[in-house]
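Let's walk through this structure together, starting with charged side chains and ending with a pair of helices. Have the model open beside you as you read.

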Amino acid sequence: MDGGASYNPRTVEEVFRDFKGRRAGMIKALTTDVEEFYQQCDPEKENLCLYGFPSEQWEVNLPAEEVPPELPEPALGINFARDGMQEKDWLSLVAVHSDAWLLSVSFYFGSRFGFDKADRKRLFNMINDLPTVFEVVTGTAKKQVKEKSSVSNHSSNKTKSNSKRGSESQGKFSKVMQAKDEDGEGLDEEDEEEHGETLCGACGENYASDEFWICCDICEKWFHGKCVKITPARAEHIKQYKCPSCSNKRARP
């Protein structure tokens, strides 16, 4: 298990890019790939860890054998707690430990390559501008965004945005189609500002005006179409969209 040890970022930008890649992989494991992640964390197996890689991939595996390890190690034995608590609480616990590991890896690189006070502060600020894994997994990030504007304003903007991209008959199905209408006009300032604060429930990134987004009718989280493998053409034929997490929810033994 190399945990990405062969790749050594040396600048603030490179370390941040490494952080974003690992973070995206772990968020994927805990959201869009949650069913597969759950199955891999078998309590009957030995101590397991969740690893995120700069390539935005994730892996559940045994910890590194070498002591001390090349990189800081994630929380050990996450599989043992899986069946002893509710799934959402277990995922939240793994998310918290994932945030701690991501920070430790980034600042390990910072220490190893001699980042000074200004570099460390800049790295932290770049990291801090992103929602934590815990905030994305629990939906806290979305709640924080909602607090910035009133519920009524949010609803009216959402309705206005949806009406520009679909017919009224698609009522319950809340989705954002291509940011630019067929006539070439973009979103108005009010819509773009409102959606600009929205975060993808899969990768945690902000809304971008040139991307296709879709909203889950169950949990009401927004997702990049590419993150949940939904195209605008396919979305037109979906009456009620369920994100991967809501689709996979079922009673656990």
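In this predicted model, D83 and R82 are joined by a salt bridge, with 2.9 Å between their closest N and O atoms.

Another joins D18 to R22, where the closest N and O atoms are 2.7 Å apart. Because D18 and R22 lie four residues apart in helix α1, about one helical turn separates them. Both D18 and R22 are buried.

Helix α1 (residues 12-30) also takes part in a link between distant parts of the chain: E13 in α1 pairs with R122 in helix α4, 109 residues away. R122 is partly exposed at 37% relative accessibility, and E13 is partly exposed with a relative accessible area of 37%.

Now follow α4 to its contact with α3. The axes of α3 (residues 87-112) and α4 (residues 117-128) come within 11 Å and cross at roughly 155 degrees. Angles over 145 degrees count as roughly antiparallel, and α3 and α4 are therefore roughly antiparallel to each other. The crossing of α3 past α4 is right-handed.

Which residues meet there? From α3 come L103, S106 and F107, and from α4 come R120, L123, F124 and I127. The residues of this contact comprise five nonpolar, one polar and one charged.

Methods. Residues numbered from 1 in each chain as written. Predicted model: local features only at pLDDT ≥ 70, side-chain atom pairs only at ≥ 80, totals over all residues. Heavy atoms only, no water. Axes fitted to C-alpha atoms, helices over the stretch in contact; angles between N-to-C directions. Helix = DSSP H or I, 4+ residues; strand = E, 2+ residues; numbered from the N terminus. Parallel < 35°, antiparallel > 145°, perpendicular 65-115°, else oblique. Left-handed = near helix turned anticlockwise from the far one by under 90°. Contact = heavy atoms within 4.5 Å. Nonpolar A, V, L, I, M, F, W, Y, C, P; charged D, E, K, R; others polar. Buried < 20%, exposed > 50% of the residue type's maximum accessible area, 1.4 Å probe, protein only. Salt bridge = Lys/Arg side-chain N within 4 Å of Asp/Glu carboxyl O.
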